[in-house]
Amino acid sequence: TQKKKKQSRRSDSMLMNMSESYHLNKTASLDSTYKDSKLINLRTQILEPFVTFYETKYVDNKTGVLNGIHSIIESCGEILNEGWYELFKVLQLACGYKMNDYNEIISIPLENEKNQSERVAAAFKIIQLIVNNFLECIPIHSQLNYFITTIGLYCQQHYDSNISFTA
């Protein structure tokens, strides 16, 4: 009977340890998920203003946004995760398209064609950078389709035919 009691205590002790371990792991996992979601929100909040700045009528803002995006991707493209979405919005705007709330692509009127051609070329360099160096960093489940759509828009743009053929 004493052996049975000892075995029972060991079993109870093992179950308690397993339960505590499970609880700690689950808590750590939830904590990690919470931290990951906060980080994704932070990335998105940091990158969202680029879309707003690009939508202004000032050419210098648009050029600065494209230069900033190029720098961000070069320096930390491998950790953008869900932040790619905001950058793709800007790249779509640069070639004269925008996705509305119903995920429909609409053409937007653009100003001075000479300046627009330069911005299309600068934005397409960003696309080339992504394809050459960061394609595997784009989340397949949520962002890759959006990136492919963006590349397709560069095929349709009429500001630089060389870019249309390259895309």
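Guide: This is a predicted model. Helix α3 is followed by Gly96, whose phi is positive, near 95°.

Visitor: What makes α3 largely enclosed by the rest of the structure?

Guide: Nine of the eleven residues of α3 are buried, so the helix counts as largely enclosed. Among the buried residues are Trp84, Phe88 and Leu91.

Visitor: Why is Glu82 called partly exposed?

Guide: Its relative accessibility is 23%. Buried means under 20% and exposed means over 50%, so Glu82, at 23%, falls in between and counts as partly exposed.

Visitor: Where is Glu82 placed?

Guide: Glu82 sits in the loop between α2 (59–76) and α3 (84–94). Glu82 and Thr44 are 38 residues apart in sequence, and their C-alpha atoms are 7.2 Å apart in space.

Visitor: Why is Cys137 called buried, and why is Cys76 called partly exposed?

Guide: The cut-off for buried is under 20%. Cys137 has 16% relative accessibility, so it counts as buried. Cys76 has a relative accessible area of 23%, which lies between 20% and 50%, so Cys76 is partly exposed.

Visitor: How many disulfides does a search of the whole structure find?

Guide: The search finds zero. A disulfide would need a pair of cysteine sulfur atoms within 2.5 Å.

Visitor: Which residues touch the most other members of the largest nonpolar core?

Guide: They are Ile73, Trp84, Ile130 and Tyr154, in a core of 36 residues. Elements giving two or more residues to this core include α1 (2–54), α3 and β1 (97–99). Helix α4 gives the most, with eight residues.

Methods
Residues numbered from 1 in each chain as written. Predicted model: local features only at pLDDT ≥ 70, side-chain atom pairs only at ≥ 80, totals over all residues. Heavy atoms only, no water. Helix = DSSP H or I, 4+ residues; strand = E, 2+ residues; numbered from the N terminus. Buried < 20%, exposed > 50% of the residue type's maximum accessible area, 1.4 Å probe, protein only. Core = buried A, V, L, I, M, F, W, Y, C linked by side-chain atoms within 4.5 Å.
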